[in-house]
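Please look over the model below.

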Amino acid sequence: MAAKDSPLKQFEIDPISNIELGGYNISFTNSSLAMLITVLVITIFLTITVNTRSIIPSRMQLISELMYNFIAQLLSDTVGDNGKKYFPFVFSLFMFVLIGNMVGMIPYQFTFTSHIIVTFALATVVFVGVTILGFVNHGIKFFSFFYIPGVPFYMHPLLIPIEVISYLSRPISLSVRLFANMLAGHTLLKVFAGFVVSMPFFTGVFPLAFIVALTGLEILIAFLQAYVFAILTCLYINDAYHLH
Amino acid sequence: MNYKNKNLEKLSKKLEDLDIQNENTGKIKKERGASFGFKISTEIIAALVVGVGIGLIVDNYFNTKPFGLIIFFIFGALAGFLNVYRVMRRIEKQR
């Protein structure tokens, strides 16, 4: 199979315009274009639909309000009253991942969430932010997060490193989950799309039918992963408020 | 008047049926196999990656070649199981 037919071809980055600044390559790539489209779609959709501000919402306004309520409910369920401050952060994170995944489901469109560096950057923002939040709320006492009460004292040398590693693994598990789901889903779609062409006679219909079903599943996963990203962010914010 | 009431009765019956349906689908809702397995495996792998990373860094700084890696690999594995335990407890709570 030629390299240009590879199912992984869709994840390649090509620069649309080459820009270099201070020795760093900051080219505008197809990934940046997808992110730009995502941000534009979110901004335009939300501003237009909420613009009417009618008490009895139209269908489109209802969609925006549902999204708003969804995240507001999530925050109040997991964090409580303290969570209201973080609504803008969690909402933009959720919308960016969700619309990014959805834009990626359009054929020929690049999926930026299928690159680990993108998801890892998002997860790092959450991780660093939550750690700072913990120190702001509890000061030096935040370190007691790694200290489990009610355990025999001789167990602590063993348990504290485990807790620290468990804490440090958060951004990795958060980013790998989103990235691997998107990567696996899109690769699978491409592999089965290859079968459609290469199978003899009319048997290509079967993989085609499978692709249709799989596309539905992928849209579900796109939503689910955005939801998981948002809910884990909420849980981490909650941890920064209530140690243990 | 009578006609209107009949229609309303029909509607309320319809709504009740829908409510029952919704409740039933809510009960069936379960964690899907693949995504559940994925959740668990990423937790273990992430903790192992961090453990091995710390082990390699420790070895590099203190010149203790295999021991840092061995010890922190074990810590990482234990942290992975701890993560899985926490995820399971969270899922159990949701039910």
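The report follows, starting with conventions.

## Model and numbering

This is a predicted model: local features need pLDDT of at least 70, side-chain atom pairs count only at pLDDT 80 or more, and totals for chains, interfaces and linings use all residues. Residues are numbered from 1 along each chain as its sequence is written, with chains lettered from A and ligands numbered from 1 in the order in which they are written.

## Chain A

Chain A has 7 helices and 4 strands. Both are DSSP runs numbered from the N terminus: helices are H or I with at least four residues, strands E with at least two. The order from the N terminus is β-β-β-β-α-α-α-α-α-α-α. The C-alpha trace spans about 70 × 55 × 45 Å along its principal axes.

Of the 244 residues in chain A, 28% are buried. Buried means 20 or more other C-beta atoms within 10 Å of a residue's own, exposed 12 or fewer, partly exposed in between, with C-beta atoms placed from the backbone.

## Contact with chain B

In chain A, 12 residues are in contact with 18 residues of chain B. Contact means C-beta atoms, placed from the backbone, within 7 Å. Helix H5 (156–168) and helix H6 (170–198) of chain A each supply at least two residues of the side that touches chain B.

## Positive phi

Tyr108(A) is not a glycine, yet its phi is positive, about 70°. Tyr108(A) sits in the loop between helix H3 (87–105) and helix H4 (116–138) of chain A. Tyr108(A) is exposed, with 5 other C-beta atoms within 10 Å.

Asn63(B), also not a glycine, has a positive phi of about 55°. Asn63(B) lies in the loop between helix H2 (33–62) and helix H3 (65–94) of chain B.

Notes:
Two residues are in contact if their C-beta atoms, placed from the backbone, lie within 7 Å.
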